[in-house]
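The following exercises concern the fold of one protein chain. Each task is followed by a worked solution.

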Amino acid sequence: MSYVIWRSGDEGNTAQLESLLGWDDAWKLQEGVSVVDEFPVDAHYRMDPNHPKRTRLSDCLGNRNGLPVISDRLKAFLEAKQIDGVEFLPTGIVNHKGRETKERYWILNATRVVDCLDTDASEVVYSPFDGTIDLMQRMSLRQDAIDEGTTMFRVANVPGPTLLRTELADELD
């Protein structure tokens, strides 16, 4: 099996978003913690004022948190795939004029965390202060540590990226 890091499309006029607002625990979304029972209904993103001409809403919007912020259409597609370890958290998008968009968006939170990082092949450097990963030259995975049925997950001790099976990524393109 091969996997790729989830990335939002970055077409020329696609809206770019700032960081998530309305919730102080956004760090949990970087680590695959299930938050469906505590996620606030008023959490939202604002379009990045540094990109005032980027207003088009697409199926996946880039943001400063690096989280997949997806449309209703993409959410329905992924729900039909019945992917384990995924939750969809409702979020609003506030446009450059300060108004919430009509389109509904969701934060895709991958809660399956797999301890599969090959630290030697990834050339990991650990922080001398707290032992966390400080630097990684590349992300190399131990395939034997990933269950065959795994479609989407996060790598243990690597906050941030959501990985998905290459076949699913090809369907999304």
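**Exercise 1: An open sheet**

Tyr3 stands opposite Arg165 in β12. The model is predicted: local features need pLDDT of at least 70, side-chain atom pairs count only at pLDDT 80 or more, and totals for chains, interfaces and linings use all residues. Residues are numbered from 1 along each chain as its sequence is written, and side-chain values use heavy atoms, with hydrogens and water left out.

Solution. 
1. The open sheet holds 4 strands in the order β1-β12-β11-β8, with mixed pairing.

**Exercise 2: The whole chain**

Task: state what radius of gyration the protein has, and what percentage of its residues is buried.

Solution. 
1. For 173 residues, a compact globule would have a radius of gyration near 16 Å; the protein has 17 Å, which agrees. The radius is taken over C-alpha atoms, and the globule rule is 2.2 Å times the number of residues to the power 0.38.
2. Along the principal axes, the C-alpha atoms fill a box of roughly 50 × 40 × 35 Å.
3. Of the 173 residues, 44% are buried (under 20% relative accessible area, 1.4 Å probe, protein chains only).

How values were computed: Buried < 20%, exposed > 50% of the residue type's maximum accessible area, 1.4 Å probe, protein only. Pairing = 2+ DSSP bridges. Helix = DSSP H or I, 4+ residues; strand = E, 2+ residues; numbered from the N terminus.
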